[in-house]
Amino acid sequence: MADRGQSWPTQQDESAIIDLGDVNDRDDGSDYETDMSRGPTDGSGKGSLEEDVRKRLTDNVTQMVWNAGTQQAKRAWSLYGNIDILRPYFNVEPHEVRTRLLQSFLPRMPSSEKQRAYRELYGPLMVVFTLIALLLFQMKAAEHKVEEGTLMGTAFGVCFTYWWGTAALMWFLSYVCNAHITSIQLLSLLGYGLAGHCVVILLGTLIHTSHDHLFFYLLWAVFGGLSTLKMVGVILSRTHGKSQRLILSCTIAAIHLLFLLYLHFAYHQIVEDLSRVLDSDPVVKQPEVVNNVRTVSKGEI
Amino acid sequence: MADVESVDFLKNQEGLNDVPLEGEILSPNAGTEGEEQEFNTLDEPVRETIMRDLKAIGIKFWHVLYPKQSKALLKEWDLWGPLILCVFMAIMLQGSSPDSSSSNTKDKGDGGPQFAEVFVIFWVGAVVVTLNTKLLGGNISFFQSICVLGYCVCPLTVALIVCRIILIATQSTLLFIIRFVIVIAAFGWSTFASTAFLADSQPSHRKALAIYPIFLFYFVISWLIISHTHTS
């Protein structure tokens, strides 16, 4: 009982400190210790004491390292694996999301005061998912026999790679060009900028002009341009220096606008190619080849 | 000093002896069943156990098909129903594998998704929607939300069966429109059913924020169903 009373307070400190003394004490103070560290002895007493000490030492060290490792892992998990880290970025109201979506189309002239950049992830995440859904809808509206599984994976990968990849690139450039904008703000900005892409793809699919792309270029200029100008305005208001501003604004404008062109033409192209191939009905051609072979072989014989 | 400490220690020990070390280990279902029945479930025939579980799953499907403001799905959640629905849908929706004997290398069967793709889309979609619901401040557990989302796919599965029956006939635009309308109706039914179950767990002013990802999730599944034109 006295032993338990002695070891109880040290067990409460277990999470913070590992005391070397305690480790040894626990081994010696427990009533129930069976001396497992002593293996079957050869009978020779010569080096057995050294081996015994070495074995106990390695066991203790192994146990120490294991305890330290598990505690560090638990602490890291409780720090980073906690979902509550992301909770402040989802703290929005529906009317705020609506306002921010509409404002992503209304650029403001960059003045001396910093323009408001939101730290929010709900709106951008929903916009990206909507973009993925609209891409699938566009592919389906174009043709009814395409590889849905592969295209879904591609749509997912493309949209998320664009969002996170461009944010990473812009974060690096803003670090180099000394812009006052954080990574979360860049993620929000780019995510809301994709709302323009959503509108263009939706309108482009509903009002389908297959051979003339003029309508699409008009939408691209209007909606793509408005959302690009909005993002450029926010970034310019937070950067100083002419060349830095030029680098950042040109990069984001180019990537944003080219991505919309890519979404329209790349998927359009894939769909058109596949529909052309699948509609040509290749099974019919095979008997002709066989007949040709037969006539040639008959001719030879 | 040592005497005072030992006296305190003895007092603490008496307190320890007063703590009851007996009692009942209550399980969540203990309210409905008595303590004796918990032991009897080990002795009952396997058929009874399976029938009880199947009955619970059936009751949940019934609640989904006729959604009311009930807590049945949330209180006793299970993942059997979603698993059955997901496997059934993935089997029905998978397209034929690429035909290697065809002369044209670009001919890849009817281009439908593989079993694994539908499976992954279903579960990853449910996990993402659940995480979003929790991050918005909903007081619902992770698996309860996945349970509700999975069970509410039931109307879409019914629509899939109906579409498959329609696809037996030769296709025309009218039949495509009929399939489209059926799938849209099932999609609305699923979204409404999941809203009826999940609405209480969200703060009232944020319901729209939580419903939108559920809408997108069922939209993607409806898209998979409409685009399935299985040619056997």
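# Briefing: a two-chain predicted model

Because its relative accessibility is 22%, Trp220(A) counts as partly exposed, a class that lies between buried (under 20% relative accessible area) and exposed (over 50%), with a 1.4 Å probe and protein chains only. The structure is a predicted model, in which local features need pLDDT of at least 70 and side-chain atom pairs count only at pLDDT 80 or more, while totals for chains, interfaces and linings use all residues; side-chain values use heavy atoms, without hydrogens or water. Residues are numbered from 1 along each chain as its sequence is written, and chains are lettered from A and ligands numbered from 1 in the order of writing.

**Confidence in chain A**

- The mean pLDDT (the predictor's confidence in each residue, from 0 to 100) of chain A is 78, and 68% of the residues of this chain reach 70 or more.
- Residues 1-14 of chain A have pLDDT below 50, and the model gives this stretch eight contacts beyond near neighbours in sequence, a contact being heavy atoms within 4.5 Å.
- Residues 281-291 of chain A also stay under 50 in pLDDT, with two contacts beyond four places in sequence.

**Transmembrane annotation and helices of chain A**

- An unreviewed UniProt entry places the feature "transmembrane region" at residues 121-139, 151-174, 186-208, 214-234 and 246-267 of chain A; such annotations may be inferred rather than shown by experiment, and the positions follow the numbering used here, with feature names shortened.

- Trp220(A) is found in helix α8 of chain A.
- Setting aside residues up to four places away in sequence, Trp220(A) touches Gly225(A), Leu257(A), Leu260(A) and Leu261(A).
- Between Trp220(A) and Leu189(A), the C-alpha distance is 19 Å and the sequence separation is 31 residues.
- Asn178(A) occupies the loop between α6 (148-176) and α7 of chain A.
- The phi angle of Asn178(A) is positive, about 60°, although this residue is not a glycine.
- Asn178(A) is exposed because its relative accessible area is 55%.

**Cavities**

- The model holds six cavities of 30 Å³ or more, where a cavity is a set of points on a 1 Å grid over the protein atoms alone at which a 1.4 Å probe fits but cannot get out, with lining residues having an atom within 4 Å of a point.
- The largest cavity has a volume of about 130 Å³.
- The lining of the largest cavity comprises 15 residues, of which Ser104(A), Tyr118(A), Leu189(A), Tyr192(A) and Lys230(A) are the closest to its centre.
- Volume here is the space filled by probe spheres set on the grid points, which are joined across faces, edges and corners.
- At least two residues of the lining of the largest cavity come from each of α4 (94-103), α7 (183-206) and α8 (214-236) of chain A.
- With five residues, α7(A) gives the most to the lining of the largest cavity.
- The lining of the largest cavity has six nonpolar, six polar and three charged residues; Ala, Val, Leu, Ile, Met, Phe, Trp, Tyr, Cys and Pro count as nonpolar, Asp, Glu, Lys and Arg as charged, and the others, Gly among them, as polar.

**Overall build of chain B**

- Chain B has ten helices and zero strands.
- Chain B contains 232 residues, of which 38% count as buried.
- Among the contacts in chain B with a separation of 6 or more, 73% join residues 24 or more positions apart.
- For chain B, UniProt (unreviewed entry) places the feature "transmembrane region" at residues 77-95, 115-136, 148-170, 176-197 and 209-226.
- Residues 115-136 of chain B are 95% helix and 0% strand, with the end C-alpha atoms 32 Å apart.
- Residues 148-170 of chain B are 74% helix and 0% strand, with the end C-alpha atoms 37 Å apart.

- Thr157(B) lies in helix α8 (residues 154-166) of chain B and counts as buried because its relative accessibility is 4%.
- Not counting residues up to four places away in sequence, Thr157(B) touches Leu85(B), Phe88(B) and Met89(B).
- Leu131(B) belongs to helix α6 (residues 115-135) of chain B and is partly exposed because its relative accessibility is 34%.
- Leu131(B) touches Ile83(A) and Phe142(B), again leaving aside residues up to four places away in sequence.
- The C-alpha atoms of Leu131(B) and Val19(B) are 41 Å apart, and the two residues are 112 residues apart along the chain.

Methods: 1 Å grid on protein atoms, 1.4 Å probe; cavity = no way out; pocket = protein on both sides within 12 Å on 5 of 7 lines; lining within 4 Å. Helix = DSSP H or I, 4+ residues; strand = E, 2+ residues; numbered from the N terminus.
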